[in-house]
Amino acid sequence: MLLRPSDFSRRLLRWYDVAHRDLPWRVRGVHRAPYHVLVSEFMLQQTQVATVVPYFQRFMQRYATLAELAAADEQEVLRHWQGLGYYARARNLLRCARQVVREHNGELPPDAATLQNLAGIGRYTAGAISSIGFGKRVPILDANVTRVIRRLDKIEADPKDRNVQEQLWRRAEEILPRRRVGDFNSALMELGALICTPRSPDCLICPVRMHCQAFAAGIADRIPVQKKKARTPLLRRQTFCIRNGRRWLIQQRPPTGRWAGMWQFITRPAEGEAPLPVKITDPKLIGSVSHALTHRRYEFEVFACESARKASPKLPESMRWVSLVELENVPLPRPHVLIAKMLSAPAIRGK
Ligand code: SF4
């Protein structure tokens with residue numbers, strides 16, 4: 001970084017005071033509530049701010065305090081997380097809240113090292129809670145901050161390399177001001193989100209361009225190197241919405257893995273014709289649903305059909321019959337939310 005760190009922080013904070021976005025987990029003038037920082041940071045992992053805002057607001061209406069969250073049922077928490085994806089975060093957040101109640105009298109500890117012993121909290125999240133929630137002088141390094149510091153210091157080496165990681169953490173610590181550390185860390189992230197973006201950074205309006213070595217060398221858009229995205233594999237599934245009267249058969253997913261513990265309509269790989277749990281009659285193709293995750297894409301072919309036996313057959317514990325109204329209180333992965341909507345169409349619902 002060119003010039004003195006104190007000039008850098010002064011310029012960055014002056015910009016942040018004017019340009020920052022008003023977000024529901026940001027309250028100006030005081031340290032932000034550590035519980036709000038905790039929830040927002042869990043939600044923001046791998047997820048865009050605009051997507052998180054309504055989820056955060058609904059979550060806070062339902063679980064206004066850490067104690068309320070700790071006392072909640074996991075299925076209900078998953079239901080409130082439904083659609084946000086990466087559901088391991090919701091389960092970890094709940095585990096974390098319970099751990100805080102059990103081990104810290106219900107108060108999040110201010111110290112970053114202690115925070116890192118809590119479920120789902122790594123070095124970055126601990127730094128965010130400690131600095132933004134408690135004003136402690138602790139650095140943070142997420143994807144935005146990593147990019148900003150790499151450009152400021154013209155670090156072209158791979159940031160996944162351990163030595164480079166340590167270099168970046170050291171730098172994030174060195175540039176911390178004595179005061180307003182939480183705002184400073186938020187400002188670094190905000191700069192990365194609004195101006196120092198991955199592609200085409202807006203250097204001409206950047207408040208800290210006079211400190212930036214990549215800008216001075218004219219290579220800002222070469223850090224990081226833009227990689228071509230590899231095409232992700234496509235997995236084909238068949239989903240059978242099996243009806244018995246007004247109720248539909250759903251099954252719970254295994255306790256680990258993708259969408260763990262959530263519920264879905266009966267689904268099997270499109271190839272191989274794995275047996276269904278009940279005999280069906282009259283399957284009709286009613287549509288398809290596509291769903292893209294980071295490393296794979298899914299295509300669900302959706303069939304509506306009737307259970308062949310009108311008396312409910314005995315089912316394992318991981319399956320149950322539910323009405324569409326009851327389904328509204330059951331946590332479903334996003335593709336199955338869309339499938340449930342298909343079943344609400346009058347042509348299917350009214351049969
Ligand atoms: Fe990022 Fe450009 Fe600002 Fe440097 S001058 S910090 S590359 S936006």
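This is a predicted model: local features need pLDDT of at least 70, side-chain atom pairs count only at pLDDT 80 or more; totals for chains, interfaces and linings use all residues.
The ligand sits in the largest cavity. Around the ligand are Arg151, Ile195, Cys196, Pro201 and Cys203, together with Cys206, Arg209, Cys212, Phe215 and Ala220. Sorted by class, this shell consists of eight nonpolar and two charged residues, with no polar residue in it. The arginines named in the shell, Arg151 and Arg209, count as charged, whereas the cysteines, including Cys196 and Cys203, count as nonpolar.

Turning to the helices, α2, which spans residues 34-44, and α3, which spans residues 49-62, have axes that come within 10 Å of each other and cross at roughly 135°. The crossing of α2 and α3 is right-handed.

| Residue | Backbone feature | Loop |
|---|---|---|
| Pro224 | cis peptide bond with Ile223, omega about -5° | between α12 (213-217) and β1 (234-244) |
| Glu273 | positive phi of about 50° | between β3 (263-269) and β4 (280-292) |

The peptide bond that joins Ile223 and Pro224 is cis, and Pro224 has its place in the loop that runs between α12 and β1. Glu273, for its part, has a positive phi although it is not a glycine, and this residue lies in the loop between the strands β3 and β4.

Methods:
Residues are numbered from 1 along each chain as its sequence is written. Side-chain values use heavy atoms; hydrogens and water are left out. A residue is near a molecule or strand if one of its heavy atoms lies within 4 Å of it. On a 1 Å grid over the protein atoms alone, a cavity is a set of points where a 1.4 Å probe fits but cannot get out, and a pocket is an open set with protein on both sides within 12 Å along at least five of seven lines; lining residues have an atom within 4 Å of a point. A molecule sits in a cavity or pocket if more than half of its atoms lie within 2 Å of its grid points. Axes are lines fitted to C-alpha atoms, for helices over the stretch in contact, and angles run from 0 to 180 degrees between N-to-C directions. Helices (H or I, at least four residues) and strands (E, at least two) are DSSP runs, numbered from the N terminus. A crossing is left-handed if the near helix is turned anticlockwise from the far one by less than a right angle, and right-handed if clockwise.
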